[in-house]
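Here are a few exercises to work through with the model open beside you. Try each task before reading its solution.

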Amino acid sequence: MLHELLLALLGYTGDLIIDEREHQESLGLHLSPDAPISEERTFKLAPDISFIQPSDRDVIERIITLGFYYRELDRFATKSRDLSWIRSVNESPLARTSELAKGKKEKSSVYRRAIANGIVEILSVYRSAVLHIEQKLLSDSMPILATVTQGLNKFFVLLPPLYELILEVERDDIRGGQLLNLLHKRCHCGVPELQTCIQRLLWHGHQVMYNQLASWMVYGILQDQHGEFFIRRQEDRDVEQDSSHPDMLEKLARMSTEDASLTDWRLGFHLSLDMLPEYIHMRVAESILFAGKAVRVLRNPSPAFRFQDAEYHQQIPRSSHRIQQGFVAHFSFQREPSVDTKLIGEELLPQSEADKIETMLQDLKESSEFHKRSFECAIDSIRTSAASHLWQLVVIRADLNGHLKSLKDYFLLAKGDFFQCFLEESRQLMRLPPRQSTAGADLMVPFQLAAIKTIGEEDKYFSRVSLRMPSFGITVTSSQVDLPKAKAYPDGNSGAALSNASSEMSLDGWDGIALEYSVDWPLQLFFTQEVLSKYRRVFQYLLRLKRTQMELEKSWASVMHQDHTDFAERRNDRINCSGSQQRRQRFRPMWRVREHMAFLIRNLQFYIQVDVIESQWNVLQAHIQDSHDFTELVGFHQEYLSALISQSFLDIGSVSRILDGIMKLCLQFCWSIENQESSPNAFELEHITEEFNKKSNSLYTILRSSRLAGSQRAPFLRRFLLRLNFNSFFETTARGVLNVVRPRPALPGLNQQ
C-alpha cells in the first residue's frame with residue numbers, strides 16, 4: 001500500500017489510487033501529453049477499498065493531491081520545454097500552413113519554457129524528498145503513514161499555489177511580459193518558502209528578457225520570434241492606413257531609396273503595452289526603445305555617409321554651374337563611394353562601448369533578485385551612452401548646425417535679399433491666378449534668377465532647397481485681376497458686391513508655395529517630415545507677409561513716380577493745375593490708409609523676424625552648445641519650432657484668420673489703387689478701409705486679452721503691442737468701435753499721427 005502511495009506521489013496511478021479522468025470510460029477520454037491541465041483534483045482512492053480506516057483514508061487522499069499537483073506541473077513543464085517548434089522553423093511554408101489548418105501546432109513561448117525550467121528545479125527537490133521518504137520507510141521495521149506526512153509537509157504550501165499559477169497561465173494563455181508581471185505579483189506573499197520559489201521562477205523569466213535586451217541594446221537586433229517582448233515591429237497595415245494621407249504617398253516613395261535603419265527609426269518599432277510588465281516604468285521602456293533604435297542606426301550607416309563626411313571636412317567648393325543645376329534637381333554625386341559600412345559602424349559605436357553595455361546587462365542577469373533601482377540606473381546609463389554617440393554623429397559628423405542655419409535662411413526668410421529679389425522677379429506672375437498644371441515650373445524662372453543674383457558659391461546648402469507649388473488645394477473662385485475691375489454701381493452696391501467676392505475667395509492661390517529641403521543620412525532622424533512641415537507652415541506665413549509689405553511699398557513707389565511725372569508735366573505746360581490739385585486731394589485719404597496698413601505690416605514683420613525668430617534662434621544655439629544628448633536636442637528643437645508657431649500666433653485660429661484677412665485687404669487695396677489711379681472707386685476704397693479698421697482693432701483687442709497676457713508669448717507680445725500702440729491710437733479706436741453699433745466712414749477719420 002505504501003509503495004502504491006509513493007508511486008502516486010510521483011504521478012503514477014494504479015488499482016488502489018486512481019485518476020478519475022482516465023477512468024471515464026463512458027466518455028472514452030484518455031489522458032494524453034497534450035491534454036489541458038485539469039481544473040479539479042482527480043487523484044482518488046479506489047471506491048471499492050474497504051480495509052482502510054476512514055481516518056487513514058482522509059490522510060491518504062490529502063497526501064495524494066501532491067501527486068496530482070506534481071503530475072500536472074510535470075506535464076506543463078514537459079509541454080512547455082518541447083523543442084519540436086525549432087524543427088518547424090526549417091519546414092516549408094506549405095507544411096506549416098497545413099499544420100496550422102489542422103490545429104496541431106500550438107503557440108510556442110520562450111518565456112513559458114524558461115518558467116518550465118524553474119518548475120523542473122522545484123519538482124526535482126520534491127522527487128528527492130519522495131526518495132528520501134522511501135528510504136526511511138524501507139529502513140524502518142514498522143513503516144507508518146506519519147513518516148510520509150512528515151516528510152512532505154512543506155510541499156503543501158508550495159505545490160498548490162504553483163498548480164494554480166500554471167492553471168491560470170494555460171487557461172488565459174499568458175505569455176511574455178504578461179507572465180513576468182503575473183510572477184512579480186505572486187512574489188508578494190507571506191510564505192517565505194513560496195516567495196523563494198516564485199522568485200526563482202521570475203529569475204528564469206528575466207533571463208530571457210535580459211537576453212532580448214542584450215540583443216536589442218548591444219546589436220540592435222530584435223530577437224522575438226513569438227511576439228512576447230514589449231518592443232515590436234510596426235505592422236504593415238499601419239503604413240497602409242497612413243498612405244491615405246497625401247503627404248504619405250511621397251514618404252512611401254522615398255522609402256525605397258532611404259536607409260533601412262532610418263525607416264526603422266520612424267516606422268519600424270514601437271512599444272507593446274500589453275507585454276510591458278507593470279514594474280517597468282514607461283519612461284524606462286521608452287529609453288530601451290530609443291537605445292535599441294540608436295544602436296541600429298549607429299551600426300548600420302548609409303554607404304554614402306563616409307564620402308559625404310569627407311567632402312564636408314575638405315570643404316570642396318561647388319562651381320556656379322553646380323549651383324544652377326541645384327535649382328531644378330537636388331545635387332547628387334555620380335560615383336558610388338566604396339566604403340566599408342561595417343568599419344564605419346565600428347567608428348560610430350566603438351566595440352568598447354558595446355562591451356560596457358553588455359557588461360551592465362550581464363551584471364543584472366546574474367543577480368538572484370530583480371532590483372528595480374539597479375535596473376533603471378543601468379538602462380539610463382545605456383540610453384545616455386547611445387544618445388551621446390548619436391549626438392556625435394548628427395551634430396558633429398553631419399553638421400547639424402549648418403543645416404539649421406540653412407533652414408533659418410530659407411524657411412524663416414533670414415536671407416531677405418534673396419526673397420526680396422524673388423518676389424520682385426515673380427511679381428507680375430503672381431498678379432495672375434496660378435495655373436495648376438504649370439505653376440511650379442512658372443515659379444522656377446524667377447527663383448533661378450533670384451538665386452543667380454543673390455546666392456554666392458560659398459552657400460553649399462542652397463542646392464538642397466527646391467521650390468514646390470502643389471497642384472492640389474488651389475481654390476481661387478475670383479481672380480486677383482478681376483477684383484480691381486469692379487465698377488461703381490449707381491445704387492451704391494459695389495461695396496456689397498466686393499464683400500461677397502472677397503468672402504467667396506479663399507486665400508491667394510500663390511500662398512501654396514512651399515519649399516522642400518533635401519536631407520541626407522542621418523539627419524532624417526532630426527529633420528522628420530513633421531518637423532519640415534512645421535518649417536513649411538512658418539515659411540508660407542512669412543512669405544505672404546513679406547509679399548504684402550512689398551506690394552504696399554510698390555504701390556506707394558509707383559504712385560509717387562506718377563505724381564512726380566505729372567508735376568513735371570504741369571510745370572512745363574502750366575495747365576490743368578487746379579485739376580491736378582483736386583486729384584491729389586482725392587488721393588490723400590488713400591495714402592493715410594496705406595500708411596496705416598504699412599505701419600501694421602512692418603511692425604508685425606519686425607516682431608516676428610527679430611523678437612521671435614532671432615530670439616528663439618539664440619536660445620536654440622545656447623542649448624546646442626550646452627547639450628550632448630540627442631534626445632535633449634530633439635526636445636529643444638521641438639520647443640524652438642513650437643515657440644515660433646506660438647509666438648507668431650499661428651496656433652490661434654482667431655488671430656491667424658484676422659491676420660490673413662488684413663493681408664488680403666492690403667493686397668486688394670494695392671491692386672485697386674494701381675488699376676484705378678485716374679478715377680478711384682470711392683465705394684470700394686471705403687469698404688476696404690472700413691474692413692481694415694475693424695480687423696486691425698479686433699486684432700489689437702485680442703492681443704491685449706488676459707488669456708494671452710499669461711502665456712509664453714507675453715514678453716515678446718508686450719514689445720509688439722508697445723510698437724503698435726505707441727501713441728494709443730489703436731486703444732482709442734478699439735474702444736470707439738466697441739461703443740458704437742455701426743462704424744463711421746473710415747476715410748476722413750484716419751489721423752494717427
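**Exercise 1.** How many residues does helix 9 have, and what span does it reach from its first C-alpha to its last?

*Solution.* Keep in mind that this is a predicted model. Start with the limits: helix 9 runs over residues 192–219, which makes 28 residues. Next, take the span from the first C-alpha to the last, which is 39 Å. Then set this against the expectation: at 1.5 Å a residue, 40 Å is expected, and the helix comes close to that. Finally, step just past the end of the helix, where Gly220 has a positive phi of about 70 degrees.

**Exercise 2.** Find where Leu152 lies, and decide whether it is buried or exposed.

*Solution.* First, locate the residue: Leu152 is in the loop that links helix 6 (145–151) to helix 7 (159–172). Second, apply the cut-off: buried means under 20% relative accessible area. Leu152 has 1% relative accessibility, so it counts as buried. Third, list the contacts beyond four places in sequence: Leu9, Ile63, Leu66, Tyr126, Ala129, Val130 and Ile133. Of these, take Ile63 as a case in point: it is 89 residues from Leu152 in sequence, yet their C-alpha atoms are 8.2 Å apart.

**Exercise 3.** Describe the largest nonpolar core, then look at the surroundings of Ile288.

*Solution.* The largest nonpolar core has 194 residues. Those with the most contacts inside it are Leu152, Met209, Leu213, Phe230, Ile288, Phe375 and Phe527. Helix 25 (residues 577–626) gives the most to this core, with 16 residues. Now turn to Ile288: beyond four places in sequence, its contacts are Leu213, Trp216, Met217, Phe230, Ile231, Phe375 and Ile379.

**Exercise 4.** At what angle do helix 18 and helix 26 cross, and which residues make the contact?

*Solution.* Begin with the axes: those of helix 18 (residues 372–397) and helix 26 (residues 630–647) come within 7 Å and cross at roughly 60 degrees. Then name the residues: helix 18 brings Arg383, Ala387, Leu390, Trp391, Val394 and Val395, while helix 26 brings Phe630, Thr631 and Leu633.

**Exercise 5.** Which residue's side chain joins that of Ser406 in a polar contact?

*Solution.* Ser406 sits in helix 19 (residues 400–411). Its relative accessibility is 2%, so Ser406 counts as buried. Beyond four places in sequence, Ser406 is in contact with Tyr461 and Tyr517. The polar contact, at 3.4 Å, is between the side chains of Ser406 and Tyr517.

Note on methods: Residues are numbered from 1 along each chain as its sequence is written. This is a predicted model: local features need pLDDT of at least 70, side-chain atom pairs count only at pLDDT 80 or more; totals for chains, interfaces and linings use all residues. Side-chain values use heavy atoms; hydrogens and water are left out. Helices (H or I, at least four residues) and strands (E, at least two) are DSSP runs, numbered from the N terminus. The expected span of a helix is 1.5 Å times one less than its number of residues. Buried means under 20% relative accessible area, exposed over 50%, partly exposed in between (1.4 Å probe, protein chains only). A polar contact is a pair of N or O atoms within 3.5 Å; within protein, one must be able to donate a hydrogen and the other to accept it, and residues adjacent in sequence count only if both atoms are side-chain atoms. Contact means heavy atoms within 4.5 Å. A nonpolar core is a set of buried Ala, Val, Leu, Ile, Met, Phe, Trp, Tyr and Cys residues joined through side-chain atoms within 4.5 Å. Axes are lines fitted to C-alpha atoms, for helices over the stretch in contact, and angles run from 0 to 180 degrees between N-to-C directions.
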